[in-house]
Amino acid sequence: MALSEEPAAGAREDGAEEGALARGGVLEAFGDGAETRELLGRLRAVLGDRAAREGVLERFRVIMDKYQEQPHLLDPHLEWMMNLLLDIVQDKTSSADLVHLAFKFLYIITKVRGYKTFLRLFPHEVADVQPVLDMFTNQNPRDHETWETRYMLLLWLSVTCLIPFDFSRLDGNLLSQPGQIRMSIMDRILQIAESYLVVSDKARDAAAVLVSKFVTRPDVKQKKMADFLDWSLCTLARSSFQTIEGVITMDGTLQALAQIFKHGKREDCLPYAATVLECLDGCRLPDSNQTLLRKLGVKLVQRLGLTFLKPKLAKWRYQRGCRSLAANLQLCAQGRREPQTHAETPDGDADDDVPEEVERVIEQLLVGLKDKDTVVRWSAAKGIGRMAGRLPKELADDVVGSVLDCFSFQETDNAWHGGCLALAELGRRGLLLPSRLVDVVAVILKALIYEEKRGACSVGANVRDAACYVCWAFARAYEPQELKPFVAEISSALVIAAVFDRSVTCRRAASAAFQENVGRQGTFPHGIDILTAADYFAVGNRSNCFLVISMFIAGFPEYTRPMIDHLVAMKINHWDGVIRELSAKALSNLAQRAPEYSATHVFPRLLSMTQSLDLHTRHGAVLACAEVAHSLSRLAVQEDRPVADYLDETVVQGLKQIHQQVRVQGLGGELMRQAVCVLIENLSLSKMPFRGDAVIDGWQWLINDTLRNLHLISSHSKQQIKDAAVLALAALCSEYYTKEPGEVDPARQEELITQYLAELQSPEEMTRCGFSLALGALPGFLLRGRLQQVLAGLSAVTRISPEDVSFAESRRDALKAISRVCQTVGVKAGGSPDEVVCEENVAQIFRTLLDCLRDYTTDSRGDVGAWVREAAMTSLMDLTLLLGRDQPELLEAQVCERVMCCLAQQASEKIDRVRAHAARMFMALLHADGPPIPHLPHRGDLQELFPRSDMASVNWNAPSQAFPRITRLLGLPAYRYHVLLGLAVSVGGLTESTVRYSTQSLFEYMKGIQHDPQALEGFGGTLLQVFEDNLLNDRVSVPLLKTLDQMLANGCFDVFTLEENHPFCVKLLALCREEIRKSRDVQKLRSSIGVFCGMVQFPGEVRRKALLQLLLLLCHPFPMIRKTTASQVYEMVLTYGDVVGAGVLDEVMAVLSSTAWDAELPLVRGQRNRLCDLLGVPRPQLVPKPSTH
């Protein structure tokens, strides 16, 4: 297109840009035309500025990458973009750097759209040949900065090679000077192509394209084709895939050969095909570990094979009459779809001779189907399909048979995958005749469930995915009556893969294949209904597939039994524990759809599997037995039928014996303990008739043993097994430990409570955890009369003692248990403390929970006390809401105030998770759904500061959202102390985001009260109280010193500078001095230096003492402290000009800056004393050490 036409292109572009917005991530048009034109127009201007040049290049790359998924949107705009860039390239005045830059932009466009579309836009007149060739003279193949230029020039040259004139006409007189012969254009092009076939950059690919178009020209092939092929074969023979140089050389040569045999005429290439095949065999490419070489080898082999065979369409191939989906659906709607018979026509080409080399080609392609890399297998599969389409019927059928041989369980997963790809290609091309479908469908059904365990995982997902592709291809290839005999098997297999496959890619592939079959075949039962429930997005969630979608599909009887059978045969024994658990739950759901089948066929199989030698099979079978038994018992209750209708005596006895037959000790014991605990829970919930049976004692022993030995269980299984044992205990006690409904067996109660309370004193933390949660899970009738003992035992676990400081998990679980016990026994104001939560014991419970909010234990795992504080906050909320709902008179004002203040403190601390949890608890109490909680301090103000909408809209994990809201509480006197205590830890913390937003929020509040002396005095007094209460408590005092440093530097207390020796300043100085007295904590000392420097701004005695303290620190035993002090004092003198007199200022600054403060103390002390004299501060006197006599 001429440049004068560009405005017209731009005009079209404007309308397109308006509609270029994406809908659902899909772009409608190229919407960046104006910016692209502006970027391309700036190339000359930005050339000299490297930063601007790279910015323009990166922006253009970002624009183009947006269209990587929809490159066709660029097509209307490619011409004007190329013209703008080629104008720069063809301009004689353009510098080499500008030309390279233009080619970089051209390459980016080519990368997105693909070179094949781009090629036709290059100028390709006769006049373009010489200029393009001349450009190569200035190229350095070793310059890695300009490879895009060489790549694009080779592509351009490959287009100019297509001019319909003999190249010899362009040569003129080659003898330009006597004795000197110029090289012909043909030779120059061939020399360029050969030289770039062996380079290490992408120009090698373009050189192969150039060769394929140049060597196959009529005038070139007569003179140069044989020589080039000879050069290529010699190059291959000399190269070795063992070296990097050899790999690069072989890659370029193989690409060129493959392109020649692809684009060249058969009669031109046939004379050389056998020789090339012979040379290729000698290269032994299948032995190479280079994937690309093996792929190119397969690609070249198939092109050679196609050269040996005449190009024709096999007359015997299967042809489907109508492949259009729209036409197919229209025919179905009109009811005019008549069965079409496809008689297998005799093979009219049977007499054609098939060269013997074809057999070698087919053999190599079959080997390629088993390659270890997918790209090689895919190339081989396409080669098999192309070759079979040119073979006689009998030979093609032999090829199909050889492909089917890949589906042997002696073969690897690679062979299965390659076989599936080959079958899909054969089916798509109509080369799998209906007579072969019986064999093919049988292997595809096996491939859809193919999985081979390898160590701790498995292989086969790619095989199942390829099998889905085969089913997708068959839907498009065959008439419905051909596949009708296999519909039930294929539809069930695809539904099972779409719902129960472990891999999300396979589930989605199966869903797509099912959809294709429903649309094109129209014979799959309930296809539309199933597709609606199991579409591409729905099958993305594995739990949703197993537990929800499967239940819906099982409502169609055609799929119910196949789904159940698949779960029992393939998923219950799966290597992945999550799949086994989901399968057991899915079986439980499906048992509701087919109860008789589950009872009569599934249960016997599951019971026999519980005795399998394979651990995973035993584990899955026990879980499945538990879930299915509970499901059937629930169904019997719903239908008002006896459980025996579904679970006969044989099954019940089998269930009872499981825990005795499976091993819960030794190897695999962890898995089986968890499974048997689930079994106990489900059988108890199913109300099995085991009351008084010895099996109950066995179950109780197993639960107790599991809880007692939790410390021996691996960390990744510990929580799951603990939870399973506690749930099993709760169900077991509720069902089997009552004489009459609600009446406890006293002996059993005494034994259980006494034993569990004793275990709470175990030296093992995990044992305490297990039995704490066990006590919390006991039903109310077992706690009746023993509540005080239980609460006392659990409270003892929550207390920190020297020997169990690090037992944070046991304290956490004890708090959870206290909350559950309170929920279980309920509240009654005048009740007995041994029966319910009442007036006598509620204060002690609150005291225990509130004390745990002071648990800041740390160990190698970090702040483990945070677990305890979170559990305490949850328990406080649960108990307060329980009392507020049932007995609000038991809530005292003092307790409510302390609960809310402690929650506010936790909501202002530094750990995001804890802060968010505390804020949620605070909001839950403030906006309780039931009756409002009484005695909340400042309730009206709180509801105004924290409206109910904040519960859902605020992300309390984010410091940017949490701290601005929490600091509002500083204005409420009841909350100020606790919020300030939490903020001090956050502002002086280490996490950048927490420090930034907490500091901003605190300073905003301080700014608001600067003109309110009363509020400022109140804030200062509270701050000093926090400091005094946490003196020498490093968790608070060190960050508090950092907070004070920032507040003093930010002028938060400037008002106090107007009064000499203000009480706030005096007390603050005294507390700081007391905090660092005799301290050897470097972090604390460094934090205090800033505070002392900040306090110099206060006039009077405070300034003198602060200076004295700083001068003492200048002679501290630690060199780091001396250097830090000198540095900060220097800054302080510059900041506060009235501290040092003008006459001595220069000398003070000189002493501070020139002295080596990390030198020996006697040397430093002299300089320090000099500073004392200059600043008018008395020299510190050395205190003699007390005599040791």
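Modeller: The model is predicted: local features need pLDDT of at least 70 and side-chain atom pairs count only at pLDDT 80 or more, while totals for chains, interfaces and linings use all residues. Residues are numbered from 1 along each chain as its sequence is written, and side-chain values use heavy atoms, with hydrogens and water left out.

On a 1 Å grid over the protein atoms alone, a cavity is a set of points where a 1.4 Å probe fits but cannot get out, and a pocket is an open set with protein on both sides within 12 Å along at least five of seven lines; lining residues have an atom within 4 Å of a point. Points are joined across faces, edges and corners, and a volume is the space filled by probe spheres set on them.

In total, 15 residues line the largest cavity, and those nearest its centre are Leu 448, Arg 464, Asp 501, His 566 and Lys 571. Two elements give two or more residues to this lining, helix H24 (487-500) and helix H28 (557-571). H24 gives the most, with four residues. Helices are DSSP runs (H or I, at least four residues), as are strands (E, at least two), numbered from the N terminus.

H24 also takes part in packing around helix H21. In H21 (residues 437-447), Leu 437, Val 440, Val 441, Val 443, Ile 444, Leu 445 and Ala 447 are buried, where buried means under 20% relative accessible area, exposed over 50% and partly exposed in between (1.4 Å probe, protein chains only). These buried residues pack against H24, and also against helix H19 (393-404), helix H20 (413-428), helix H22 (461-477) and helix H23 (480-483). Contact means heavy atoms within 4.5 Å.

For comparison, the second largest pocket has a volume of about 500 Å³. Its lining has 23 residues, of which Tyr 115, Lys 116, Val 209, Gln 255 and Gln 259 lie nearest the centre. Helices H6 (96-113), H7 (115-119), H11 (203-215), H13 (244-263) and H15 (291-308) each give two or more residues to that lining. By class, the pocket lining is eight nonpolar, six polar and nine charged residues.

The largest nonpolar core has 411 residues, and Leu 655, Phe 1019 and Phe 1053 have the most contacts inside it. Such a core is a set of buried Ala, Val, Leu, Ile, Met, Phe, Trp, Tyr and Cys residues joined through side-chain atoms within 4.5 Å. Leaving aside neighbours within four places in sequence, Leu 655 is in contact with Phe 603, Leu 607, Cys 625, Ala 629, Leu 679, Leu 683 and Met 688.

Lys 687 is in the loop between helix H33 (669-685) and helix H34 (694-708). Lys 687 is not a glycine, yet its phi is positive, about 55 degrees. Its relative accessible area is 57%, so Lys 687 counts as exposed.

Note on methods: Nonpolar A, V, L, I, M, F, W, Y, C, P; charged D, E, K, R; others polar.
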